[in-house]
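This report covers selected strands and helices of one structure, with the cut-offs behind each term. The sequence and coordinates come next.

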Amino acid sequence: MPISRNRLAKSIAPAGVAAALILTTLGAAVPASAATPAGDTARALPGTHPDWATPQADAGAADAAAPATARIYLAGRDASGLAALAQAVSDPHSAAYGQYLTPAQVQAKFGATPEQVKAVTDWLAGAGLTVSASNAHYVQVAGSTAAMSKAFGTGFHNYRTADGTHRAPTADAKVPASVSDAVLAVSGLADAIHRNSSSATSVREAEKSANAKLAGPDKKDPATLPTVPTCSEDGYGSKIAKGAPEGYEKNEPFAPCSYQPSQLRKAYGVTDAKVGGKGARVAIIDAYGLSTMEQDANHFSTLHGDQPFKPGQYTEYVTPDKWTHQDECGGPAGWAGEEALDVEMVHGLAPDADVVYVGGNSCYDEDLYDAMAKVVDEHLADVVSNSWGEIMHGTGGDIDPAVVAADNQVFQLGAVSGIGFTFSSGDCGDSSPGAAATGVNCQADTNQAQADWPSASPWVTSVGGTALELGDKEGKYAHEVSMGDRRSVLSADQKSWSPMPGNFYFGGGGGVSKDFAQPWYQHGVVPDSISKTAADGTKSSTPLRATPDIAMSGDLVAATLVGFTSGGAYSEGGYGGTSVSAPETAAMFANAIETRGGRALGFANPALYDRASTNAFHDVDDNAVRTKRGNVVDLGVVNNTLRVRLYKIGADYGLSAASGYDTATGLGSPGKGFFKSFALKK
């Protein structure tokens, strides 16, 4: 997954998008000392003045007449009570475990009151702003920069950055005491754009992005290597790459053929448990929507011996007339592979579960938030799979605190409703600059090792990746190591690999987040030796949130087969990433719901950690696996050039799997006792 987000992007101003504003030179400037009706008792909103808006970068006051938008997230009632109840209903040792609320009960107990909404809208209207959208979660407003300055008690200046000149508050915004308790957070005051990208990576896409300039051997040179795509179809390492030079070991095997859902069901115990997610609903959230998704999923299932969706089993919510930022986000075509992967993995591993696809109107944070809120408000599912995210700290500044606050609130609202969220942990190892230097699915603007967002939230299930090794073509489980690949290229004379050892290429995300305290469910499971040192090396006197929580197959070398229509033609190919792992895990939770007689699992982390060090998990340990880790991957003949690559697996960047909890695979992957452990006792 990781997931690229540009904090400072070109200024644009499509209607209703709070993150982007037009900067002009017309009209009066907004001074830094703009007045506010808030007075001395106003509450400051930390982080609304971004760290990139420094005095050294100040380019002067912003145009007072320039249009501006902002989103004011509502705090609702009893925020501490919401967090407490979310914990209680999720904890198997609590008397309130599993006693979930209906959406109506959630709104009545924790939602914003009409009086709070009126107070917020009156305050904003009094400053000259117009409400453009309003719901149970936020009030969105538009108006001039001058009106924004009046409402939030701060001036607005332009600031020079590496990405151009951008507007931001000169100090943290403030809200009046009269509405302080009603406001959770405010986003959009600075014109940094927060957007997420699809995390799915195909074998061919990764090859092109990584080394388009590296030439492979001339296919006419004498060699015994095949000149057609070749893989190990009878299990991991079943076919040796004869004619290849020695790599990490002699006689390296070809990479496994891309895994199919039937093999994954066998490997992770779904077949033996005779479950399929009956009675469960899984929602998938991505941006936009693939118009042929149900047709493609049914075609894919039929081609590989599985049952297509039954009538009414697949539902989607998309609003094409409201899609925005398609050029920046890649549009439906750019997200098609991700969507197909997510839908086909959930249906493939939980073929009886209902699947609900909810497409955000763009890859911006606010649009993906809206999709998550829709699932919770309408209780569209029991489990929500998400294969997108972003770094929290980068050269362009830190993540908007409003994004974190609003997302966490939605996750808690989901928890009290019996809805759990899974998020991919990333495909860039520890997301450090070192990993980003050669990794193909990294954010270039990272400035430190870190856990990604929303994966780092204490209120979601963070899903890491593994490289799954199958013992036969049917899917017999053999081994797993951490998801991490080093990559080398075959020389033109076919006698050596370069570089050797290979550079980091692709790897599961994880690490300890310095931004969140250790949640209660990790106590006694994640040792202090891990939890008191953040990913960037920062020491803490108290334990911190460690990620991931669980892991499943997602490696790009041991890839997963996906099929969808692109350019009018259906095709299939291998995909990798924790984008694979997250929907797989959501499907496993759906299957666990069936073993519970259809009772919702809710926020799963407390139950998962309750099963630590039992046969509910494969304890993935790179050091304990004594198998060949090098693979020759033949990607076929491209432009009359044979593309042959050597990968070393189990070689993540900054992370590794060890006995017990680790920051590469968390508790491990679902083991032979996973489903039995969730069966209701008679």
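## Strand β11 and its partners

Ile285 stands opposite Asn386 in β14. Strand β14 covers residues 383-386 and is joined to β11 by 4 bridges, the two running parallel. Strands count as paired if DSSP finds at least two bridges between them. Strand β13 (residues 354-360) also runs parallel to β11, joined to it by 7 bridges. Here Val282 has Val355 of β13 as its bridge partner.

Of the 7 residues of β11 (residues 281-287), 6 are buried, so the strand is largely enclosed by the rest of the structure. Buried means under 20% relative accessible area, exposed over 50%, and partly exposed in between, with a 1.4 Å probe and protein chains only.

## Basis of the values

The model is predicted: local features need pLDDT of at least 70, side-chain atom pairs count only at pLDDT 80 or more, and totals for chains, interfaces and linings use all residues. Residues are numbered from 1 along each chain as its sequence is written, and side-chain values use heavy atoms, with hydrogens and water left out. Helices (H or I, at least four residues) and strands (E, at least two) are DSSP runs, numbered from the N terminus.

## Open sheet β2-β6-β7

Three strands form an open sheet in the order β2-β6-β7, with antiparallel pairing. The edges are β2 (58-61) and β7 (164-169); each has a single partner strand, so one side of each lacks a neighbour in the sheet. From one strand to the next the twist averages 30°.

Strand β6 (residues 156-161) pairs with β7 over 6 bridges in the antiparallel sense. Phe156 has Pro169 of β7 as its bridge partner.

## Helix α1

Helix α1 (residues 79-90) has 12 residues, which at 1.5 Å a residue should span 16 Å; the end C-alpha atoms are 17 Å apart, which agrees. The expected span is 1.5 Å times one less than the number of residues.

Gly81, Leu82, Ala86, Ala88, Val89 and Ser90 are the buried residues named in α1. Their cover includes α2 (103-110), α12 (401-417) and α16 (605-610).

## Packing of α10 and α15

The axes of α10 (residues 331-349) and α15 (residues 578-595) come within 8 Å and cross at roughly 30°. Axes are lines fitted to C-alpha atoms, for helices over the stretch in contact, with angles from 0 to 180 degrees between N-to-C directions. The two helices are therefore roughly parallel, a term for angles under 35 degrees.

Residues of α10 that meet α15 include Leu341, Met345 and Leu349, and those on the α15 side include Val580, Ala587 and Met588. Contact means heavy atoms within 4.5 Å.

Note on methods: Angles under 35 degrees count as roughly parallel, over 145 as roughly antiparallel, 65 to 115 as roughly perpendicular and the rest as oblique.
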